[in-house]
Amino acid sequence: MKKVLKEVAGIDVAQKELVVSLGRLYENLDIEIISYKVFKNTENGIKYFIDWVASNSNNANSVRYVMEATGVYHEKLAYALDESGFDLSIVLPNKISNFFRTLDINTITDKTASQAIMRFGLERKLDNWNRPKEAYRQLKQLTRERDQIVDQRSMVKNQLHAEKAEAVPNERSLKRIAERIKFLNGQEKEIKMDIATLLKDYPDIMERVKNICTIPGVGELTAVIVLAETNGFELIRNKKQLTGYAGLDVREKQSGTSVKGKPRISKKGNRHLRKSLHLPSLSSVKYNKSHRDLYARIVAKSGIKMKALIAVQRKMLELIFVVDKNKTRFDNDHQQKRTLDANAESILLQTSL
C-alpha cells in the first residue's frame, strides 16, 4: 500500500457555500482526489464539513485546509478551523489563478477551482495562517467602516450638487441632503476617535504608526490601514510578497514578436491597501524628491500619469515595510545619499564600459 505524504482539503469559498475537494499526495508523488462535496457557509455547514473531512481522511488532525482570501466570506470558516487547531493556509487569489493556468483544465467551475486549490496545497509548502491580533482586527473593522462612510458621503455630495444644479431646487431636499452629510461627518469623527483611543491602549502599535508617519506623504490613517490590513506585516517576508498582497505587482503578457501586451498591475490583492495609498502618493510626489523624480521619469517616458502614480504607490508601500521592519524613522537625507551614490556608481560603470 502506498504511503500517504499529505492530505489537503481545497476550499472554494463563496458567500453562501463552501465547495470542497479532498485529496492525497502519495510517496511516488501521485495525486488522488478522494472526495468532493458542497456545504453551506454557516456554522452548521462548517461543522458538517469538519466531520466530513474526518470521516474521509486517514488522519483528520494532519489534514491541511487551503482556501483563497475572498473578501470577508472566508473569515468565518478560517476562525472556526483555527479554533479547532487545524493547519490552515490562506492563499492570495493571484497565486491560485496563476497555478490554475498550469493545469490541464479547460472548464472553470467551483468544482475545478476547489480541485486546483487542493492541488496547490499538495504541491506547495505553505505557511500556517494565524488569526489577526485583536488590535489589528479592530483597527481593520474601524478603517473599513470609515471607508464605507467616506464613499457614502461622496455619493450624497454628488446628489447635493445635482440638486443645486436644478432649475428650481427643492429647499426641503437640500436640507435633508445637508443633514445626511452632517450625520456622516459625525460618524467619521466618531470612528477617528475610536481609532485614537485604541492606539492609546496599544503603545507598541502607536510607536510603529509614529515611525511610519515620518515618511513624507504618509499620515496616521494611512499607517493604521497598512498595519491593520497586513496584520502588522505578520506573514510578509519581503517587499515582493507585500506588493503581490496589495495587488500592485506588475503583470506582462509577451510571447515572441506577435504578442506583446501592456504591463499592468494585477489588482488581485487587497484593494483597501491600494486605495489607502492613492492620496498619500499625490502628496509624496510633492514632498519626497526620489518619488518626485520617479514620477517625472515615468511620465516623460510613457505620458501616463496614473502609471507613474502607481509606481510611486508601490515604492511607498515598500518604504513603509522597510521603516517598520527596521523599527526606525525615515531619514530623507540618507535616502537622497543612497540615490546619489547609485547614480554615481551608474556613471562610473558607463564610463568604464
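These legends go with a set of close-up views of a predicted model.

In this predicted model, local features need pLDDT of at least 70 and side-chain atom pairs count only at pLDDT 80 or more, while totals for chains, interfaces and linings use all residues. Residues are numbered from 1 along each chain as its sequence is written, and side-chain values use heavy atoms, with hydrogens and water left out.

**View 1. The whole chain, for orientation.** The chain holds 14 helices and nine strands; these are DSSP runs numbered from the N terminus, helices being H or I of at least four residues and strands E of at least two. Take the contacts with a separation of 6 or more: residues 24 or more positions apart account for 63% of them. Contact here means heavy atoms within 4.5 Å.

**View 2. The five-stranded open sheet.** Reading across, the strand order is β3-β2-β1-β4-β5, and the pairing is mixed. Two strands pair if DSSP finds at least two bridges between them. At the edges sit β3 (31-40) and β5 (87-91), each pairing on one side only. From one strand to the next, the twist averages 20 degrees. Strand β1 (residues 4-13) runs parallel to its partner β4 (residues 64-68), with four bridges between them, and V8 stands opposite R64 in β4.

**View 3. A helix laid over the sheet.** Helix α2 (residues 75-83) lies across β1, β2 (17-26), β4 and β5, and runs at about 160 degrees to β4. Axes are lines fitted to C-alpha atoms, for helices over the stretch in contact, and angles run from 0 to 180 degrees between N-to-C directions.

**View 4. The largest nonpolar core, and a second one.** A nonpolar core is a set of buried Ala, Val, Leu, Ile, Met, Phe, Trp, Tyr and Cys residues joined through side-chain atoms within 4.5 Å. The largest has 48 residues, and L139, I205, F233, L317 and I320 have the most contacts inside it. Helix α13 (305-326) is among the elements that give two or more residues to this core, and its 11 residues make up the largest share. Leaving aside residues up to four places away in sequence, I320 touches I212, I215, V218, V226, F233 and L277. A second, separate core of 22 residues includes I11, L22, L77 and A78.

View 5. Seven aromatic pairs turn up in the structure. Rings of Phe, Tyr and Trp (its six-membered ring) pair if their centres lie within 6.5 Å; planes under 30 degrees apart count as stacked, over 60 as edge-to-face and the rest as tilted. F49 is in helix α1 (residues 43-56) and Y65 in strand β4, 16 residues apart; both are buried. With centres 5.3 Å apart and planes at 80 degrees, the rings of F99 and F120 are edge-to-face too. F99 and F120 are both buried. Ring pairs also link F39, F49, W52, Y65 and F86 into a cluster.

**View 6. Lysines over tyrosine rings.** K2 lies over the face of Y26, at 4.6 Å from the ring centre. The charged end of K111 sits over the ring of Y36, 4.9 Å from its centre. A charge sits over a ring if NZ of Lys or CZ of Arg is within 6 Å of the ring centre and within 35 degrees of the ring normal.

Key:
Buried means under 20% relative accessible area, exposed over 50%, partly exposed in between (1.4 Å probe, protein chains only).
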